[in-house]
Number of protein chains: 2
Amino acid sequence: MQKPKIVKAKIVAETALFRIERLDLEFSNGVTAQYERMLGSERGAVLIVPMLDDDTVLLIREYAAGLHRYELALPKGKIEKDEDILVAANREIQEEVGYASNKLTHVNSLTLAPGYSGHTTHIVLATDLYTSTAEGDEPEEIEVVPWSIRELDALLMRDDFSEARSIAALYVIRDRLSR
Amino acid sequence: MQKPKIVKAKIVAETALFRIERLDLEFSNGVTAQYERMLGSERGAVLIVPMLDDDTVLLIREYAAGLHRYELALPKGKIEKDEDILVAANREIQEEVGYASNKLTHVNSLTLAPGYSGHTTHIVLATDLYTSTAEGDEPEEIEVVPWSIRELDALLMRDDFSEARSIAALYVIRDRLSR
């Protein structure tokens with residue numbers, strides 16, 4: 001398929017966290033249309049699957065402003081300037097779960113909403129953990145919740161576990177570990 | 001955990017597609033912080049897993065402005081005003097894959113990025129399909145790609161399949177169908 005031509009691109013809104021771009025597109029069949037998209041951070045984010053042992057994954061519970069509730073999910077965070085994916089992953093788990101890892105593997109990369117977002121999240125499997133903490137920028141202490149990776153059905157039934165990236169990553173890693 | 005108090009909420013940007021809200025929060029430990037979030041559409045979206053038979057799921061390939069490339073994913077769309085989740089799902093698959101369903105099941109509901117987005121997506125399993133098309137608002141024809149739901153590893157290896165919601169939904173449905 002031939003990609004539509006971007007006839008014009010313009011930033012139409014910019015806030016502390018978000019940058020919205022409006023695109024004037026011309027599709028290969030001649031149809032023109034206006035689209036808006038959220039520009040992602042350049043380096044993207046990491047989402048880590050920290051395995052305490054072959055069965056136990058460490059989830060975190062923290063306040064999620066988008067839903068205004070406490071939410072259970074995998075630890076994650078933005079990659080800093082000049083930071084490697086695996087280095088970012090190891091920093092985040094030290095900040096959020098109190099462990100570092102001797103074995104970090106970049107498993108794959110996910111997108112959030114390709115239709116209107118440029119956001120990319122790199123999934124990193126962290127094994128061979130050891131206790132190590134680092135100071136993050138969290139407003140309050142994060143609760144760490146160990147969970148059996150074989151018990152994903154029970155996790156999905158919870159009202160406070162809903163994030164698509166965490167669900168996708170847990171299934172992918174569960175399949176990988178059971179092979 | 002006691003939720004932080006929303007001291008002040010203010011819309012700081014609004015475009016054709018996005019609405020950004022800034023929150024002044026006070027956490028239960030007294031820490032104050034400013035957060036931004038993207039408000040989702042009130043009724044949310046549906047993402048459909050249309051099964052042509054016990055093994056074949058129908059994916060679609062369409063232009064994704066967020067990534068400026070063609071992307072493979074499950075069919076999805078916004079729920080319209082006063083529209084039921086299952087009605088929206090049946091409308092979307094008629095518009096995007098050319099089938100309607102006699103059996104629609106709301107399996108669960110996912111969020112995209114709870115930290116900064118209020119977006120909710122309802123996952124609907126559609127079986128007992130029959131040919132039926134409806135006019136959508138797509139700028140060009142959508143390609144329908146049948147795929148074996150047992151072959152998720154091969155799907156994940158593709159460069160044009162990355163959406164977390166589609167990955168999560170396919171794993172959840174595959175597990176459900178294989179039980």
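Me: What is the bridge partner of Ala64(B) in strand 6 of chain B?

Reply: Arg69(B). This is a predicted model: local features need pLDDT of at least 70, side-chain atom pairs count only at pLDDT 80 or more, and totals for chains, interfaces and linings use all residues. Residues are numbered from 1 along each chain as its sequence is written, while chains are lettered from A and ligands numbered from 1 in the order in which they are written.

Me: Why are strand 5 and strand 6 of chain B said to pair?

Reply: Pairing needs at least two bridges found by DSSP. Strand 5 and strand 6 of chain B have five, in the antiparallel sense, so they pair. They also form a hairpin with four residues between them. His68(B), in the turn, has a positive phi of about 45 degrees.

Me: How do you know that strand 5 of chain B pairs with strand 10 of chain B?

Reply: Six bridges join strand 5 (residues 56-64) to strand 10 (residues 143-148) of chain B. That meets the cut-off for a pair. The two run antiparallel, and Arg61(B) stands opposite Glu143(B) in strand 10 of chain B.

Me: Why is Leu156(A) called partly exposed?

Reply: Leu156(A) has 18 other C-beta atoms within 10 Å.

Me: Where is Leu156(A), and what is it in contact with beyond four places in sequence?

Reply: Leu156(A) is in helix 2 (residues 152-156) of chain A; a helix is a DSSP run of H or I with at least four residues, and a strand is an E run of at least two. Its contacts (C-beta atoms within 7 Å) are Phe161(A), Asn108(B) and Val172(B).

Me: How many residues does each chain give to the contact between chain A and chain B?

Reply: Chain A gives 51 and chain B gives 51. On the side of chain A, the largest share is six residues, from helix 3 of chain A. That side divides into 32 nonpolar, 11 polar and eight charged residues.

Me: Which residues have the most contacts inside the largest nonpolar core?

Reply: They are Val49(A), Ala126(A), Ala168(A), Val49(B), Ala126(B) and Ala168(B), in a core of 74 residues. Such a core is a set of buried Ala, Val, Leu, Ile, Met, Phe, Trp, Tyr and Cys residues joined through C-beta atoms within 7 Å. Leaving aside neighbours within four places in sequence, Val49(A) is in contact with residues including Val57(A), Leu74(A) and Ile173(A).

Note on methods:
Two residues are in contact if their C-beta atoms, placed from the backbone, lie within 7 Å. Ala, Val, Leu, Ile, Met, Phe, Trp, Tyr, Cys and Pro count as nonpolar, Asp, Glu, Lys and Arg as charged, and the others, Gly among them, as polar. A residue is buried if 20 or more other C-beta atoms lie within 10 Å of its own, exposed if 12 or fewer, and partly exposed in between; C-beta atoms are placed from the backbone.
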